[in-house]
Amino acid sequence: MKSRRRNRDDDDDDIDLGEDERGPQRFLYDKLATATDDFNEDRKLGAGGFGGVYRGFLKDMGLEVAIKKVSDTSKQGKKEYLSEVKIISQLRHRHLVQLIGYCRRNTRFLLVYELVRNGSLDSYLFGSRGCLPWTVRHKIALGLASALLYLHEEWTRCVLHRDVKASNVMLDENFEAKLGDFGLARLVDHDQNLQTTDVAGTMGYLAPECYYTRKASKESDVYSFGVVALEIACGRKVIDFTAVEERSDLVRWVWELHGLGRVREAADERLGGEFDEGEIERLMVVGLWCAHPNYASRPSMRQAIGVLCSDAELPELPYEMPVPFAVPPPI
């Protein structure tokens, strides 16, 4: 039997993507370097702790893509890279960023995604890319909720994203939401939660119980969605040390206004009052419901969508923000 000669771009060990032939394509490193002009800084779309994301063009496919290049010093190492490839390659949903392919060359890890042309949600909410009108914000919130419902309940297994935040919500040419970055995601059975030994996520978006129990769950993803929902409605970061003290903690500030019956006052001032009052109140109340300090009092994503779509009544929340208790979700 002839042995296959290994190309210098081949991995040291292959990635098992299962039996789904629709899975992502495996690219040669040189091809991706050519697509990005050797990862030219002029093509960089963004950067983070993982490395950089570059705009590329695959000539043979006639396709513009976003190529995530994981740096050698990134905390997102082989384990997270393999997780992202294996999990997202199996998912199909209009509100998830589509993984096209991957490349691993020695210690260099690269992921090739569809190009989501309007960038990340946070660049509009907190950056200088312009104010999103209310109709677009409402659509984004529903799209993100739909993506999480798919991950939690509608796929064959439950996917815990573990890093839902505004910077991981991408916007396409129609400003439809697409959830990306599955580097921290994990698969679990539908009747189980994930047991972890480290705290994974981003400060402000991470559910309180995660700090104590070191466990992720659907409820912790729901908490993160609640925070993003409030950011969408209020146009404020969940934690803003530059704001006046009473507004530095977004969840607490909105909860205080809710207790006073003045929750609509938290609406983003840049909207100039141009929003549907019922919709924005629902989004903020659902945001608080999802970001409830105690996991057992949070809704499922299906329940949250029911309220957002006016198919269910607003939940009754306490007038004051509850104190969290560190009891882990049931396994």
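This is a predicted model: local features need pLDDT of at least 70, side-chain atom pairs count only at pLDDT 80 or more; totals for chains, interfaces and linings use all residues.
User: Which residues touch the most other members of the largest nonpolar core?

Analyst: Residues are numbered from 1 along each chain as its sequence is written, and side-chain values use heavy atoms, leaving out hydrogens and water. A nonpolar core is a set of buried (under 20% relative accessible area, 1.4 Å probe, protein chains only) Ala, Val, Leu, Ile, Met, Phe, Trp, Tyr and Cys residues joined through side-chain atoms within 4.5 Å. Among the 81 residues of the largest one, those touching the most other members are Leu91, Leu121, Ile140, Leu151, Phe182, Phe225 and Val254.

User: Which helix gives the most to this core?

Analyst: Helices are DSSP runs (H or I, at least four residues), numbered from the N terminus. The one spanning residues 134-154 gives 11 residues, the most to this core. That is helix H4.

User: How many residues are in the other core, the one with Tyr29 and Tyr54?

Analyst: This core lies apart from the largest one. Its members include Val65 and Ile67 too, and its size is 14 residues.

User: How many bridges join strand E4 to E6?

Analyst: Strands are DSSP runs (E, at least two residues), and two of them pair if DSSP finds at least two bridges between them. E4 (residues 63-70) runs antiparallel to E6, with lysine 69 opposite leucine 110. The number of bridges is six.

User: In E6, which residue is the bridge partner of arginine 104?

Analyst: Strand E5 (residues 99-105) also pairs with E6 in the antiparallel sense, over six bridges. The partner of arginine 104 is phenylalanine 109.

Key:
Buried means under 20% relative accessible area, exposed over 50%, partly exposed in between (1.4 Å probe, protein chains only).
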